[in-house]
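Reader: I am new to this structure and would like to be guided through it slowly. Could we look at the chain as a whole before turning to single places in it?

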Amino acid sequence: MPRAAPLVCLLVPLAYLLGSIPFGLIVGQSQGVDPRNAGSGNIGATNVGRLLGPRFFALVFVLDLLKGLLPMLAAWALLRHQPAGHQTFLLWLLVGLAAILGHMFSAFLKFKGGKGVATSTGVVLGLFPYYTAPGLAAAVIWFAMWKLTRYISIASVVGAIVFPIAYLCVGLWRGWPVTGEQWPLLAFAILIAALIVVKHRGNLARLMSGTEHRFSPPRVPADEPAPPPPNAQGAPERH
């Protein structure tokens, strides 16, 4: 067992609590919108972006990504001098899993939460170099599927499925012991892909019924006038 194991284990509950912070809800409510009661009802970046616009999608996505990235970097700082064996990988991944589960099952939202794509992305970025190329491959596929379909749910599910396959292919190509000392990395990639797919089961059901919404920023309805400029709110004009 790595000597840093006790300290890494202390990171696990901290990573869960950090992952539990509902940034989508916080950002939405700061703009007068509760994403739990609008759009798809989800607190993730997609629903917030659909309700408030692309800037808020990017803000929430980055904040949720950091919930996965920062704990992984902290774990790396503790484990970087340890041998790259399966015990080290298990400890490292346990921290990332805690952050992802915190986002999906937030302690602050009665164990409800988002779908975990952004936080999982942060975990993948923090596990350099093993997940770097597979993560980039999944990101390219995600973007291609989104551009093709405009459904973020389809892009997320397909990207999640591609990730463990890409890791296996890259590992075999580079001669990594993917079924030996690195088996926790392969198991984790499959587990996270499965969790993301399960969390999107509602989206998949709506896709099957034809009621899933494509991602698009909010628009002012054509039959409603544009909001007046600040000087037209009843204040007297200055001459």
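Predicted model: local features only at pLDDT ≥ 70, side-chain atom pairs only at ≥ 80, totals over all residues.

Reader: What share of the contacts in the protein chain with a separation of 6 or more comes from residues 24 or more positions apart?

Author: Of the 239 residues in the protein chain, 44% are buried. As for the contacts with a separation of 6 or more, the share made by residues 24 or more positions apart is 70%.

Reader: Are α7 and α8 roughly parallel or roughly antiparallel to each other?

Author: Two packed helices are described by the angle between their axes and the distance between the axes. Helix α7, residues 132-149, packs against helix α8, residues 152-174, with the axes 7 Å apart and at an angle of about 150°. Since angles over 145 degrees count as roughly antiparallel, the two helices α7 and α8 are therefore roughly antiparallel.

Reader: How do the residues of the contact of α7 with α8 divide into nonpolar, polar and charged?

Author: The crossing of α7 and α8 is right-handed. On the α7 side the contact is made by residues including Ile141, Trp142, Met145 and Trp146, and on the α8 side by residues including Val158, Val162, Phe163 and Tyr167. Taken together, the residues of this contact divide into 17 nonpolar, 4 polar and no charged.

Reader: Which residue has its backbone oxygen 2.7 Å from a polar atom of the side chain of Thr88?

Author: Thr88 has its place in helix α5, residues 86-104, and, because buried means under 20% relative accessible area, its value of 7% makes Thr88 buried. Leaving aside neighbours within four places in sequence, Thr88 is in contact with Pro2, Leu79, Gln82 and Pro83. The backbone oxygen at 2.7 Å from a polar atom of the Thr88 side chain belongs to Pro83.

Reader: Is Lys115 buried or exposed?

Author: Lys115 is found in the loop between α5 and α6, and its C-alpha atom is separated by 9.6 Å from that of Leu101, 14 residues apart along the chain. Leaving aside neighbours within four places in sequence, Lys115 is in contact with Asn42, His103, Met104, Ile196, Lys199, His200 and Asn203. Its relative accessibility is 16%, and so Lys115 counts as buried.

Key
Residues numbered from 1 in each chain as written. Heavy atoms only, no water. Helix = DSSP H or I, 4+ residues; strand = E, 2+ residues; numbered from the N terminus. Buried < 20%, exposed > 50% of the residue type's maximum accessible area, 1.4 Å probe, protein only. Polar contact = N/O pair within 3.5 Å; in protein donor to acceptor, adjacent residues only side chain to side chain. Contact = heavy atoms within 4.5 Å. Axes fitted to C-alpha atoms, helices over the stretch in contact; angles between N-to-C directions. Parallel < 35°, antiparallel > 145°, perpendicular 65-115°, else oblique. Left-handed = near helix turned anticlockwise from the far one by under 90°. Nonpolar A, V, L, I, M, F, W, Y, C, P; charged D, E, K, R; others polar.
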